[in-house]
Amino acid sequence: MRAAYFTTPLAEDPVNAIEVGDLDLPEVPDGWSRVDIYAGALNMHDLWMLQGVATVPGGAAHVIGSDGAGICEGQEVLVYPVLPTQGRSLAHSVLLSDRGYGLLAEQAVVPAGGVVPKPAHLTWEEAAAIPTAWLTAYRMLFTKARIRAGQTVLVQGAGGGVSTAVIALAKAAGASVIVTSRSAAKRERALEVGADVALPTGERVPELADIVIESVGPATFDHSVMSTRAGGTIVVCGASTGFTTPLNLARLFAREITVQGSTMGTREEFAALVDFIERHRIRPTIDSTVGLDDIRVLAKRMLGGDAFGKLCAVVR
Ligand SMILES: NC(=O)c1ccc[n+]([C@@H]2O[C@H](COP(=O)([O-])OP(=O)(O)OC[C@H]3O[C@@H](n4cnc5c(N)ncnc54)[C@H](OP(=O)(O)O)[C@@H]3O)[C@@H](O)[C@H]2O)c1
């Protein structure tokens, strides 16, 4: 089968760690199912794997990709990207691709129950854009921040897969959305896909936010704290600009702000997300789509930081 994979991580050159070629079909463990993958998408996590940061079993060719959509036992499906947690909390979860079950290949294997039906209004690449980034956004907004209609959501960084998912989900939930971006072009695109206000990164917000979605880290964290209303919540799912940041403790306690970590989402949240997308006829924003053989083009674009929306690959 055709697959995108790596054998040796390259810390300084993750793009060139990617190989595309023919691999043997994956074996199907007891209780798992085979999926014919039609499309996949790339995430920052894939680049970390290619750099040797995320853990993978050593030696063999490791298929990359935690996002995939395809046909499983005759049904069109999206793959839930998280390995079953065996009763432990999601905080101990790993992605399928971390354990050698990557999805950017013509065939993949997934644990029983690890798929949900694909909404009929989505193309294959739109379906493949959803699992990792949209599940993360869904848990942040609905489970952690308990979003309600009429609230204001601030999203730091306008173009990422998580950010574009947050804009669409928060709008469908009846919230107003403020986004920040360093790029005028991305601010314009954010308004086109539904944001109400788009500001240059760090600029004062017109109204304090009930919910702040943080995936950027030190480059925006102080602005996030200063932009949260009294009693509001900052939900953190990433730290693209560094893992530690100064924190304005006076503002935090005086305003009774909650800072909440969030990672991926449960199988139940995944089913609820896909149902929400179907009910609201939401279509994910896609930056670009290539054939599997051109996957390095996507990786370069992700590293370049200019993308707006998900980077997808058609697999067959
Ligand atoms: N915890 C989880 O389960 C989970 C799941 C998925 C992703 N994540 C994490 O979430 C983060 C976002 O992932 P993604 O794939 O959506 O996005 P991405 O494409 O990596 O997006 C990065 C965003 O960060 C902003 N940014 C980057 N450098 C910046 C800087 N120096 N100053 C200000 N803004 C900066 C960019 O905003 P502008 O260019 O618009 O300014 C861009 O919108 C990553 O850290 C990723 O690892 C976590």
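A backbone N or O atom of Gly161 lies 2.9 Å from an oxygen atom of the ligand, a polar contact in the sense of a pair of N or O atoms within 3.5 Å, where pairs within protein also need one atom able to donate a hydrogen and the other to accept it, and residues adjacent in sequence count only if both atoms are side-chain atoms. The model is a predicted one, in which local features need pLDDT of at least 70 and side-chain atom pairs count only at pLDDT 80 or more, while totals for chains, interfaces and linings use all residues. Residues are numbered from 1 along each chain as its sequence is written, and side-chain values use heavy atoms, with hydrogens and water left out.

A polar backbone atom of Gly160 is 3.3 Å from an oxygen atom of the ligand, and an N or O atom in the side chain of Ser181 is 2.7 Å from a ligand oxygen. Of the 910 Å² of accessible area that the ligand has on its own, the protein covers 83%, as computed by the Shrake-Rupley method with a 1.4 Å probe. Helix H2 (44-50) and helix H5 (161-172) are the elements that give two or more residues to the shell around the ligand; helices here are DSSP runs of H or I with at least four residues, and strands are runs of E with at least two, numbered from the N terminus. In total 23 residues surround the ligand, the closest being Val162, Ser181, Arg182, Lys186 and Met264, where a residue counts if one of its heavy atoms lies within 4 Å.

At the level of the whole chain, an automatic or database assignment gives domain 1 (2-129 + 284-314) and domain 2 (134-261), whose C-alpha centres lie 27 Å apart. Contact, meaning heavy atoms within 4.5 Å, joins 12 residues of domain 1 to 11 residues of domain 2. Leu90 is one of the three residues of domain 1, with Thr285 and Phe308, that lose the most area to domain 2.

The backbone oxygen of Leu90 also lies 2.6 Å from a polar side-chain atom of Ser93.

Definitions and conventions. Buried area = accessible area lost by both parts, 1.4 Å probe.
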